[in-house]
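Open the model in your viewer and keep the selection tool ready. This tour goes from stop to stop, saying what to select and what is there.

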Amino acid sequence: MAPYLASMLALPVLLASASNLLNPAASERQARHRDLARHHTELDRRDVHPVLGRRTLEPRAAQVPLGGFEVVGNSGVSAQMMFLGTAETVFILDKTENNPLQVTVNGKSRAAWGVSYSLSTNVATPMGVTSNTFCAAGMSIATGQWLVFGGNKPVTTDGVAVVDKIANPSGANPYGNTDGGEAIRMLTPCDDGSCAWKEGTQELTMTSKRWYPTVEALGDGSIVIFGGDINGGYVSTYVQNNPTYEFWPKRGAQIKMDFLNATVPMNLFPLTWLMPSGRLFMQAGYSTILYDLATQTEIPLADMPYAQRVYPASGASVMLPLVPANNYQPTILFCGGSDADLSKSSDGGAGFNVTAVPADNTCVRITPEGDAKYYDDDNLPEGRSMGNLIYLPDGKLWLGNGVNMGTAGYGDDKYSFGQSYGQNPIYMPAVYDPSAAKGKRFSRTGLSASQHERMYHSTAILLADGSLLISGSNPNKDVTTVKWGTSYVVERWYPSWYSNTRPKATSDWPMTLTYGGPAWNLNYTQTDKSDPGSTKVVVIRTGFSTHGMNFGQRYLELGATYTLMKDTNEVTMHVSQMPANANIFQPGPAMIFLVVDGVPSTGQMIMIGSGQIGTQPLLPVDPLPTSQVLVSQKAANGTGPAVVVASSVPSSSAKKSAAGAARSLPALGGVLGGIVLLAGMMLA
């Protein structure tokens with residue numbers, strides 16, 4: 001007997017199952033759920049989303065190093081920033097520097113600092129970007145477009161400012177770059193190379209300069225932009241600091257914020273997440289707050305223990321998966337960083353040998369709209385600065401990139417090798433399981449190391465086939481081959497399940513999910529040992545990767561129940577829309593996966609919300625039918641007519657919503673009107 005069948009023998013039946021079998025209205029509603037997927041338009045069956053382009057990326061047929069890395073290409077420009085624009089195309093940005101890849105802009109050829117990267121051919125195609133995108137921030141918006149905010153002043157070779165009268169007396173500007181401090185760039189992603197970055201208009205200009213700003217999407221799909229420096233450096237100073245925020249689309253003048261002054265010098269790229277209430281959880285230096293945008297009120301929370309996590313300490317951080325089991329209450333995880341005394345530092349440099357300071361190895365969790373206290377999590381396998389935590393579709397997280405000594409940033413201090421303020425690169429990743437017992441959350445079983453360091457200015461994102469794309473590393477003022485040199489190597493990392501047979505939907509995927517609204521169906525054929533009660537449908541936003549962060553990255557498990565046709569092994573997942581609160585998962589592009597026994601389908605590009613910036617429609621939530629197993633009586637005993645036999649089996653999702661009520665109910669069985677009801681069990 002399959003393991004999941006044995007477990008089901010102990011599950012009590014929900015009383016509603018008997019009434020469902022005898023109640024035509026309930027039966028009709030369940031039939032409507034089963035048939036809903038068949039009513040999509042012809043557009044739903046295409047491989048191309050009308051807004052988001054190519055919908056999926058099939059797993060590689062060739063043998064790949066499971067748990068390990070494979071070099072697949074050359075990025076053309078060093079991948080300081082990276083995001084998945086369509087399932088087929090990644091977009092990469094660098095700072096303005098002397099990359100060998102050339103681009104022609106306005107009839108003149110010069111070094112490129114932007115490319116589109118094809119995942120099918122592993123070819124980088126140069127794109128024209130005019131302003132200096134050095135240490136900018138980015139985010140997708142409700143329309144499916146991407147925006148990149150801020151950057152640095154125009155530079156010439158070796159990062160020298162064009163306006164520097166001493167180092168660049170001629171005012172030479174061989175790159176033809178413009179000031180990126182106030183710049184906003186907009187891209188509508190494409191697969192065919194026809195899309196181009198837009199910038200330079202009044203709409204695409206901020207109210208002030210921002211280098212190392214933070215961006216976060218709001219529930220209406222607009223963007224809030226926090227902080228940054230005027231010109232910048234290693235850490236912020238009161239002279240360089242920009243302690244304000246503003247919105248895009250514009251809502252008037254920028255707004256001052258005390259928190260961004262109180263956390264100097266450790267407030268660049270302040271770590272920020274939108275909460276279900278609409279407030280913002282923010283962390284910088286050792287300080288933590290909730291911020292109410294409506295009232296412009298700061299609510300102090302507990303101080304960050306052990307270490308600083310923001311740039312340049314650059315700990316890894318992520319919002320843990322949002323799941324129905326805890327009513328989508330966000331918990332934030334922080335790992336690594338540095339406890340170095342960076343009050344000694346300035347915008348001009350570290351001021352001491354920061355490369356001799358070990359990176360921090362602690363991890364802590366906080367539930368900002370729960371008890372709002374920090375709790376110890378498992379320690380890292382080793383101290384790490386500049387690590388990335390990236391969602392995998394199965395709900396685990398990949399931890400990779402970074403260094404074991406020092407911090408982000410660089411300078412001419414010659415503390416160690418080259419210009420880098422980080423040393424001892426970490427080549428070995430780890431996988432973190434947020435649902436595992438404490439003490440067992442990090443694992444390296446079956447993993448292998450990369451051969452390429454990923455230090456300052458490295459990036460990583462999830463792809464639709466479930467692999468990760470990893471690139472970048474350039475802790476230098478300009479392109480160099482001196483240790484630690486500029487890297488253009490592009491790698492893929494493959495989870496242990498990558499080559500497994502993937503579950504495939506036998507019905508259409510939706511193009512859009514709404515906030516609340518009618519449930520929808522997704523069909524697949526189960527294997528002999530699979531348990532539909534553990535199957536889940538998840539939505540992932542991969543985010544904008546830069547500086548050890550992925551702006552906008554979120555993972556949400558949709559509510560679901562199922563119907564299993566035992567004769568055919570066909571499973572119909574009855575799936576909820578998004579929670580009826582756009583603050584939980586903001587509108588815009590994402591990927592959706594079917595995960596069966598821990599193995600995901602290929603992801604499908606999908607639009608969350610209305611596709612427009614503005615108040616999102618919130619619809620009544622359609623209740624899900626009870627999970628059940630259907631099998632013909634003929635199949636059950638080998639004789640008689642093909643009469644339906646039904647068993648109501650509380651799935652994991654059903655148990656979440658029932659709040660355990662079913663556990664107190666007695667088992668029920670018998671024959672009702674010629675229909676056999678199998679209570680709390682399923683025939684093997």
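A disulfide here is a pair of cysteine sulfur atoms within 2.5 Å. The model is a predicted one.

**Stop 1: the disulfides**

Select Cys335 and Cys363 and show their side chains. Their sulfur atoms are 2.1 Å apart, and the two residues form a disulfide. The torsion about the S-S bond of Cys335 and Cys363 is about 120 degrees, so this link is right-handed. Now colour by strand. Cys335 belongs to strand S22 (residues 332–335) and Cys363 to strand S23 (residues 363–366), so the bond ties together parts that are 28 residues apart in sequence. Are Cys335 and Cys363 buried or exposed? Both are buried.

Next, select Cys190 and Cys195. A disulfide joins this pair as well, with an S to S distance of 2.2 Å. The torsion about the S-S bond of Cys190 and Cys195 is -75 degrees, and the link is left-handed. Cys190 has a relative accessible area of 14%. Buried means under 20%, so Cys190 qualifies. Cys195 is also at 14% relative accessibility and counts as buried.

How many disulfides does the structure hold? It holds two. With the bonded cysteines numbered in sequence order, the pairing reads 1-2, 3-4.

**Stop 2: positive phi**

Most residues other than glycine have a negative phi, and most peptide bonds are trans. The next two stops show exceptions.

Select Cys135. Its phi is near 55 degrees, a positive value in a residue that is not glycine. Cys135 sits in the loop between strand S9 (124–126) and strand S10 (137–140). Cys135 is buried, and its relative accessible area is 0%.

Move to His547. This residue is not a glycine, yet its phi is positive, at about 55 degrees. Look for His547 in the loop between strand S38 (544–546) and strand S39 (549–551). With a relative accessible area of 7%, His547 is buried.

**Stop 3: cis peptide bonds**

Select Trp248 and Pro249 and show the backbone. The peptide bond from Trp248 to Pro249 is cis, with omega near -5 degrees. Pro249 is in the loop between strand S15 (244–248) and strand S16 (255–256).

Then select Tyr311 and Pro312. A cis peptide bond joins them, and omega is about 0 degrees. Pro312 is in the loop between strand S20 (297–300) and strand S21 (316–319).

**Stop 4**

Centre the view on Val90 and list its contacts. Leaving out residues up to four places away in sequence, Val90 touches Met82, Phe83, Leu84, Gly85, Val115, Ser116, Tyr117, Leu119, Ile461, Leu463 and Leu469.

**Stop 5: the largest pocket**

The largest pocket holds about 620 Å³ of space. Its lining counts 31 residues, and the closest to the pocket centre are Phe134, Gly159, Trp211, Tyr410 and Lys477. Then colour the lining by residue class. What is the make-up of the lining? Eleven of its residues are nonpolar, twelve are polar and eight are charged.

Key
Residues numbered from 1 in each chain as written. Predicted model: local features only at pLDDT ≥ 70, side-chain atom pairs only at ≥ 80, totals over all residues. Heavy atoms only, no water. 1 Å grid on protein atoms, 1.4 Å probe; cavity = no way out; pocket = protein on both sides within 12 Å on 5 of 7 lines; lining within 4 Å. Points joined across faces, edges and corners; volume = space filled by probe spheres on them. Nonpolar A, V, L, I, M, F, W, Y, C, P; charged D, E, K, R; others polar. Contact = heavy atoms within 4.5 Å. Buried < 20%, exposed > 50% of the residue type's maximum accessible area, 1.4 Å probe, protein only. Helix = DSSP H or I, 4+ residues; strand = E, 2+ residues; numbered from the N terminus.
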